[in-house]
Amino acid sequence: FNGTVRINFDGNFATIENPVSGVTITQSGADVVINSSASGAAYELTGSTASGSFKIYSDKKFKITLNAVSITNNDGPAINIQSGKRAFIVLADGKENKLTDAATYAASNEDQKGTIFSEGQLIFSGTGTLAVSGKTKHAIASDDYIRIVEGNIQVSDAISDGLHSNDGIYIDGGKINIVANSDGIEAEKGRIIVNGGEITLK
């Protein structure tokens with residue numbers, strides 16, 4: 001990854017540092033939308049907001065580092081990835097992160113199936129902690145596959161599934177604790193393969 005866009009959420013606003021060519025950012029308060037044609041762009045999210053979101057459109061793979069960030073969105077997903085490319089989600093070592101979606105989503109023609117939603121592959125790594133609350137549907141959802149290499153992922157309450165994918169879920173390690181009203185882990189069309197890790201589902 002060749003350049004890092006830094007986004008710091010601060011209440012109802014976000015401060016953005018963007019040195020990456022090919023990345024365009026629009027912002028309304030603490031709602032941040034990325035449009036990227038950059039190859040190998042990285043995004044680092046920090047700070048806290050009770051009324052914000054991070055949304056990205058990209059035609060190249062990218063990395064999002066969650067570095068002690070807390071995002072609550074009042075009208076949709078906290079992180080909405082409208083890209084079919086691979087999204088590498090890195091949980092910064094030793095940091096705690098928290099994501100919460102809205103109880104009711106604003107109307108949209110786009111898919112938005114959970115607190116973290118991606119059209120493409122979601123690949124989690126890093127040894128930090130991610131706490132997710134899914135108030136409308138799934139906590140973490142992908143229309144492709146989800147892979148968890150490592151990390152501490154805690155789903156405290158999901159209205160539907162904790163982890164939900166269309167094409168498969170692969171767990172290589174980490175610690176996963178899920179409380180969900182429907183399935184703890186569901187892959188609609190693919191397989192669930194567990195190679196390691198500690199998983200607790202309720």
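## Contacts, core and pocket in a predicted model

Ala-158 touches Gly-134, Lys-137, Ala-139, Val-179, Ala-180 and Asn-181, leaving out residues up to four places away in sequence; contact here means heavy atoms within 4.5 Å. This is a predicted model, where local features need pLDDT of at least 70 and side-chain atom pairs count only at pLDDT 80 or more, while totals for chains, interfaces and linings use all residues. Residues are numbered from 1 along each chain as its sequence is written, and side-chain values use heavy atoms, with hydrogens and water left out.

Ala-158 is found in strand E16 (residues 152–158). Strands (E, at least two residues) and helices (H or I, at least four) are DSSP runs, numbered from the N terminus. With a relative accessible area of 1%, Ala-158 is buried; buried means under 20% relative accessible area, exposed over 50%, and partly exposed in between (1.4 Å probe, protein chains only).

**The core.** What about the nonpolar side? The largest nonpolar core has 47 residues, and Tyr-43, Leu-45, Leu-66, Phe-124 and Ile-140 touch the most other members. Such a core is a set of buried Ala, Val, Leu, Ile, Met, Phe, Trp, Tyr and Cys residues joined through side-chain atoms within 4.5 Å. Strand E7 (residues 62–72) gives the largest share of this core, 5 residues. In soluble globular proteins, nonpolar side chains tend to be buried together.

Take Leu-45: outside four places in sequence, Leu-45 touches Ile-7, Phe-9, Phe-54, Ile-64, Thr-65, Leu-66, Asn-67, Val-69, Ile-71 and Ile-79. Over in strand E9 sits Ile-89, buried at a relative accessible area of 1%. Setting aside neighbours within four places in sequence, Ile-89 is in contact with Ile-64, Leu-66, Ile-81, Leu-122, Ile-123, Phe-124 and Ser-125. For Ile-89 and Ile-123, 34 residues apart along the chain, the C-alpha separation is 5.9 Å.

Strand E7 also holds Ala-68, and its phi is near 60°, a positive value in a residue other than glycine. Most residues other than glycine have a negative phi. At 36% relative accessibility, Ala-68 counts as partly exposed.

**Two buried loop residues.** Ser-83 sits in the loop between E8 and strand E9 (87–91), and is buried with a relative accessible area of 2%. A polar atom of the Ser-83 side chain lies 2.7 Å from the backbone oxygen of Ser-58. Beyond four places in sequence, Ser-83 touches Ile-56, Ser-58, Phe-62, Ser-118, Glu-119 and Gly-120.

Gln-121 is in the loop between strand E11 (114–118) and strand E12 (122–125). Is Gln-121 buried or exposed? Gln-121 is buried, at a relative accessible area of 17%. Residues touching Gln-121, not counting those up to four places away in sequence, are Lys-85, Arg-86, Ala-87, Ser-142, Asp-144 and Tyr-145.

**Side-chain polar contacts.** A polar contact is a pair of N or O atoms within 3.5 Å; within protein, one must be able to donate a hydrogen and the other to accept it, and residues adjacent in sequence count only if both atoms are side-chain atoms.

| Side chain | Partner side chain | Distance |
|---|---|---|
| Gln-121 | Tyr-145 | 3.4 Å |
| Arg-6 | Glu-44 | 3.4 Å |

**Around strand E1.** Arg-6 lies in strand E1 (residues 3–10) and counts as partly exposed at 38% relative accessibility. Arg-6 and Leu-45 are 39 residues apart in sequence, yet 6.3 Å apart in space, C-alpha to C-alpha. Not counting residues up to four places away, Arg-6 touches Thr-15, Ile-16, Glu-17 and Glu-44.

Gly-11 is found in the loop between E1 and strand E2 (13–17), partly exposed at 31% relative accessibility. Gly-11 and Ala-50 are 39 residues apart in sequence and 6.4 Å apart, C-alpha to C-alpha.

The largest pocket has a volume of about 250 Å³. Of its 18 lining residues, Ser-53, Lys-55, Asn-73, Asp-75 and Gln-112 are the closest to its centre. On a 1 Å grid over the protein atoms alone, a pocket is an open set of points where a 1.4 Å probe fits, with protein on both sides within 12 Å along at least five of seven lines; lining residues have an atom within 4 Å of a point. Grid points are joined across faces, edges and corners, and the volume is the space filled by probe spheres set on them. Strand E4 (30–36), strand E6 (52–58) and strand E8 (79–81) each supply at least two lining residues.
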